[in-house]
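Subject: Structure for your review

Dear colleague,

Please find below the structure that I am handing over to you. My notes on what was found in it follow directly after.

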Amino acid sequence: MDRLAKIQQRIEPELAKMNSIIRESLTSDNELMDTVVSNYLLTKGKQIRPIMVILSAKFFGEINPHVLHAGAALEMLHNASLIHDDVVDDTPLRRGHATVNNQWGNHIAVLVGDYFVANALAAGISTGNLSIISSLSDLGKELSLGEIEQICNVRDHHLDEEHYFSMIRKKTASLFRNCVKMGAEAVGVKRDEYEPLAQYAELLGMCFQIRDDIFDYFSNPLIGKPTGNDLREGKVTLPLLHAIQTAPEPISQSVKEMLLKGDLNEQEIGILIDFAKEYDGIEYAFAKMREMQSEADKLLEGYPNSKWKETFRQLFDYIISRDK
């Protein structure tokens, strides 16, 4: 049993109740919508984000219905963003299964994503907590801005770490931060008390995205997407950014010219992947994650030792070491 499975086992009753809320929220009297949603929920993924909502609540207090509805709201909003992303990127597979857009077309996929958003807001409203509802609204804006910033990075050819980290902070880390925030606020904890743990979650979210980006440089059937897929979409991630900065100028310049040209063919994608590996891009990305993990661990020092504090540490280890 891997680290994540052990964590899921510790909170299995709460996860089951939360998933029941999601299923009930998304049930409708429209046969087509029910069919699409039911098929989608068969592959619900790792559910890292609602797990963090529940862990945050347990870290500070006891689970209540507001925690479960907050977790359900976050998970539905996250899945809405995935469904919409798949339309934007014309993605055929996710988690090894056909995407909604691949199976039903873009029109249906956009409407299903909107349906998830609406039900996420409804779940948030059911908590009666304006701070949680506000967090969902802020998060929706951050996710959209993160995606727009990624598009701008591609179009404007920003090949530096500053733009990369700004993008993943909005696109991914903000969601992780809000998981802790919403879980803590659902049990009545004030911001000054949960802020260090929220910062911890933000660093964890940054590492989650970096690890996801590393997968693109290796063939792995567990991931469900081809090697070099990010490069096909014009996305330049941390391993390649580091290699560009450290390689000798003539080689680095030729790589930049290739990226600026765009419309990479398979041979060029292979060259870029090999280039990132040759100039220690993968090692650098792992070192950066370990550096962030060390920084994050210091944020936990002010909290008393507990099973849930250790569980957050184990979750960070899992995020960096996972193979899918």
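Two residues are said to be in contact when heavy atoms of theirs lie within 4.5 Å. Leaving aside neighbours within four places in sequence, isoleucine 11 is in contact with Ile51, Ile54, Leu55, Lys58 and Trp308. Please bear in mind throughout that this is a predicted model.

Isoleucine 11 is found in the loop between α1 (3-10) and α2. Its relative accessible area is 0%, so isoleucine 11 is buried. Between isoleucine 11 and leucine 41 there are 20 Å in space, C-alpha to C-alpha, and the two are 30 residues apart in sequence.

Lysine 58, one of the contacts of isoleucine 11, has its place in helix α4 (residues 48-60). Is this lysine 58 buried or exposed? Buried means under 20% relative accessible area; lysine 58 has 17% relative accessibility and therefore counts as buried. Not counting residues up to four places away in sequence, lysine 58 touches Ile11, Glu14, Ile63 and Trp308. With glutamate 14 there is also a polar contact, from side chain to side chain, at 3.0 Å.

Helix α7

Helix α7 covers residues 106-125, which makes 20 residues. From its first C-alpha to its last it reaches 29 Å, close to the 28 Å expected at 1.5 Å a residue. Its buried residues are Ala109, Val112, Gly113, Tyr115, Phe116, Asn119, Ala120, Ala123 and Gly124. These pack against α2 (12-26), α3 (31-41), α5 (65-89), α6 (100-104) and α8 (130-156).

Aromatic rings

The count of aromatic pairs comes to 10. In one of them, the ring centres of tyrosine 40 and phenylalanine 116 are 5.5 Å apart and the planes stand at 75°, so the pair is edge-to-face. This pair links distant parts of the chain, as tyrosine 40 is in helix α3 and phenylalanine 116 in helix α7, 76 residues apart. Both tyrosine 40 and phenylalanine 116 are buried.

Phenylalanine 176 and phenylalanine 208 form a tilted pair, with 5.3 Å from centre to centre and 45° between the planes. Here too distant parts of the chain are linked: phenylalanine 176 belongs to helix α9 (residues 161-186) and phenylalanine 208 to helix α10 (residues 191-215), 32 residues apart. Phenylalanine 176 and phenylalanine 208 are buried. Two arginines lie over the face of phenylalanine 208: arginine 49 at 5.0 Å from the ring centre, and arginine 322 at 4.1 Å from the ring centre.

Elsewhere, ring pairs join Phe59, Phe60, Tyr200, Tyr303, Phe312 and Phe316 into a cluster.

In soluble globular proteins, nonpolar side chains tend to be buried together. The largest nonpolar core in this model has 103 residues, of which Met52, Ile210, Leu240 and Leu259 touch the most other members. Apart from neighbours within four places in sequence, isoleucine 210 is in contact with Tyr164, Phe165, Ile168, Leu238, Ala285, Lys288, Met289 and Met292.

Leu238 and Leu240 are also among the buried residues of α12, together with Pro239, Leu241, His242, Ala243 and Ile244. Helix α12 (residues 238-246) is mostly covered, as 7 of its 9 residues are buried. The cover over these buried residues includes α9, α10, α11 (229-232), α13 (249-261), α14 (266-278) and α15 (281-299).

With kind regards

Conventions
Residues are numbered from 1 along each chain as its sequence is written. This is a predicted model: local features need pLDDT of at least 70, side-chain atom pairs count only at pLDDT 80 or more; totals for chains, interfaces and linings use all residues. Side-chain values use heavy atoms; hydrogens and water are left out. A nonpolar core is a set of buried Ala, Val, Leu, Ile, Met, Phe, Trp, Tyr and Cys residues joined through side-chain atoms within 4.5 Å. Buried means under 20% relative accessible area, exposed over 50%, partly exposed in between (1.4 Å probe, protein chains only). Helices (H or I, at least four residues) and strands (E, at least two) are DSSP runs, numbered from the N terminus. The expected span of a helix is 1.5 Å times one less than its number of residues. Rings of Phe, Tyr and Trp (its six-membered ring) pair if their centres lie within 6.5 Å; planes under 30 degrees apart count as stacked, over 60 as edge-to-face and the rest as tilted. A charge sits over a ring if NZ of Lys or CZ of Arg is within 6 Å of the ring centre and within 35 degrees of the ring normal. A polar contact is a pair of N or O atoms within 3.5 Å; within protein, one must be able to donate a hydrogen and the other to accept it, and residues adjacent in sequence count only if both atoms are side-chain atoms.
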